[in-house]
Protein chains: 2
Amino acid sequence: MEDSLFRALADPTRRKILELLSEKDRTAGEIAERFPIAFASVSHHLGVLKGADLVATEREGQFIRYRLNTTVFQEVVRYFMTRFSEKNNA
Amino acid sequence: MEDSLFRALADPTRRKILELLSEKDRTAGEIAERFPIAFASVSHHLGVLKGADLVATEREGQFIRYRLNTTVFQEVVRYFMTRFSEKNNA
DNA sequence: ACAATACTTAGACAATTGTATAAATGTCTG
DNA sequence: CAGACATTTATACAATTGTCTAAGTATTGT
């Protein structure tokens, strides 16, 4: 399990971004306007999430659309279930 | 979901400690001797894990025994499954 | 080609964190 | 109670991180 993954999840702004993306895919701008911090700061967070492979991007003209990489989340769930959760009541 | 929880999981030494504890309960000393860092540093990590409620302690004479708090891990799994994982193949 | 829009990257800085050493606390045994 | 052992707490410091502003890249429309 990648170190970058857990480091990415450690920041509350990034977790909020992931929750927004769990509702639907969004562009960088749509995400950024939801936060009280600078546009560039959100972009930095998006870069961290992408580096952890938690999100993927697709360019759409001038926009860049972000979406969750659900595969990685499944791996996270598996990581916790197999190692730490009690086996018979997850 | 507590911020302290994700911050606690962000450090690789702490995740290693949790994996050791998933095998069996151990005293602070038994844990510390497994790592190349100072005893006091491991103790600090244990404090962080305890602050995040990921582990619990029990004094046994001079020793302090650490154990996983599996309840919290179940909450983590639930958090990821409900929000991020695709619903039908976790 | 130029300007506007959308977004990222670079550089700087303050806050947080991981580690170390040293001192303190708690427990047992003689 | 003194000394040994187990562990935590205090303090300091270097490394990492989150944020900002400014500059750069990419795309679209005129």
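This is a predicted model: local features need pLDDT of at least 70, side-chain atom pairs count only at pLDDT 80 or more; totals for chains, interfaces and linings use all residues.
Residues are numbered from 1 along each chain as its sequence is written, and chains are lettered from A and ligands numbered from 1 in the order in which they are written.

**Where the two chains meet**

- The contact takes 23 residues from chain A and 23 residues from chain B, with two residues in contact if their C-beta atoms, placed from the backbone, lie within 7 Å.
- On the chain A side, α1 (3-9), α2 (12-23) and α5 (70-83) each supply at least two residues; helices (H or I, at least four residues) and strands (E, at least two) are DSSP runs, numbered from the N terminus.
- The most comes from α5(A), which gives eight residues to the side of chain A that touches chain B.
- That side of chain A divides into 13 nonpolar, four polar and six charged residues; Ala, Val, Leu, Ile, Met, Phe, Trp, Tyr, Cys and Pro count as nonpolar, Asp, Glu, Lys and Arg as charged, and the others, Gly among them, as polar.

**Around DNA strand C**

- DNA strand C is surrounded by 26 residues, the closest being A:Thr27, A:Gly29, A:Ala40, B:Ala38 and B:Gly61; a residue is near a strand if its C-beta atom, placed from the backbone, lies within 6 Å of it.
- Elements that each supply at least two residues of this surface are α3 (28-32), α4 (39-51) and β3 (63-68) of chain A, together with α4 (39-51) of chain B.
- With six residues, α4(A) gives the most to the surface near DNA strand C.
- Eleven nonpolar, twelve polar and three charged residues make up the surface near DNA strand C.

**The sheet of chain B**

- Chain B has an open sheet of three strands in the order β1-β3-β2, with antiparallel pairing; strands pair if DSSP finds at least two bridges between them.
- β1 (26-27) and β2 (55-60) of chain B stand at the edges, each with a single partner strand, so one side of each has no neighbour in the sheet.
- Two bridges join β1(B) to β3(B), and B:Thr27 has B:Arg65 in β3(B) as its bridge partner.
- β2(B) and β3(B) (residues 63-68) pair over six bridges; B:Ala56 stands opposite B:Arg67, and B:Glu60 stands opposite B:Phe63.
- The hairpin of β2(B) and β3(B) has two residues between the strands, and B:Gly61 takes a positive phi near 65 degrees there.

**Two crossing helices in chain B**

- The axes of α2(B) (residues 12-23) and α4(B) come within 10 Å and cross at roughly 75 degrees; axes are lines fitted to C-alpha atoms, for helices over the stretch in contact, and angles run from 0 to 180 degrees between N-to-C directions.
- α2(B) and α4(B) are therefore roughly perpendicular to each other, a label for angles of 65 to 115 degrees.
- B:Thr13, B:Arg14 and B:Ile17 of α2(B) make this contact with B:His45, B:Leu46, B:Val48 and B:Leu49 of α4(B).

Technical notes:
Angles under 35 degrees count as roughly parallel, over 145 as roughly antiparallel, 65 to 115 as roughly perpendicular and the rest as oblique.
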